[in-house]
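Please examine the sequence and the structure shown below. The paragraphs that follow lead through them step by step.

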Amino acid sequence: MNSKSCKTCQAPLQADDRAIYMKLVSRTAQQFLCIDCLGVKLSCGREPLEKLIRYFRESGHCVLFR
Ligand SMILES: [Zn+2]
């Protein structure tokens, strides 16, 4: 168990997966979910999360997405 893999399914995490988790769940998280598992947790599926990631990245305002 480490911060480089999803705490639920053990999938390897991308920087974006950790960033969106920090943004939506906890800035101080030590363990993270991949966006599939985060989508399940938030009952929204991964698609809105991918859109959010794109939005934050393109807006350039969020320090987590650079
Ligand atoms: Zn997962």
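R46 and D36 form a salt bridge in this predicted model, with their closest N and O atoms 3.0 Å apart. Because R46 belongs to helix α3 and D36 to helix α2, this contact ties together parts that are 10 residues apart in sequence. Both partners are partly exposed: R46 has a relative accessibility of 35%, and D36 has one of 39%.

R46 also takes part in a salt bridge with E50, where the closest N and O atoms are 2.6 Å apart. E50 and R46 are 4 residues apart in helix α3, so about one helical turn separates them. Through shared partners, the salt bridges join D36, R46 and E50 into one network. E50, with a relative accessible area of 29%, is likewise partly exposed.

The whole structure contains 3 salt bridges. One of them pairs R57 with D16, at a distance of 2.5 Å between the closest N and O atoms. This pair links distant parts of the chain, since R57 is in helix α3 and D16 in helix α1, 41 residues apart. R57 counts as partly exposed at 44% relative accessibility, and D16 counts as partly exposed at 22%.

C6, in the segment before α1 (15-24), and C37, in helix α2 (residues 35-41), are 31 residues apart, and the pair links distant parts of the chain. Both C6 and C37 are buried.

Most residues other than glycine have a negative phi. Q10, although not a glycine, has a positive phi of about 70°. Q10 is found in the segment before α1 and is partly exposed, at 42% relative accessibility. S43 is not a glycine either, and its phi is positive at about 55°. S43 lies in the loop between α2 and α3 and counts as exposed, with 68% relative accessibility.

Finally, the confidence of the prediction may be considered. The protein has an average pLDDT of 90, and 95% of the residues score at least 70. Confidence is highest in α2, at 97, and lowest in helix α3 (residues 46-59), at a mean of 92.

How values were computed
Residues are numbered from 1 along each chain as its sequence is written. This is a predicted model: local features need pLDDT of at least 70, side-chain atom pairs count only at pLDDT 80 or more; totals for chains, interfaces and linings use all residues. Side-chain values use heavy atoms; hydrogens and water are left out. Helices (H or I, at least four residues) and strands (E, at least two) are DSSP runs, numbered from the N terminus. Buried means under 20% relative accessible area, exposed over 50%, partly exposed in between (1.4 Å probe, protein chains only). pLDDT is the predictor's confidence in each residue, from 0 to 100. A salt bridge is a side-chain nitrogen of Lys or Arg within 4 Å of a carboxyl oxygen of Asp or Glu.
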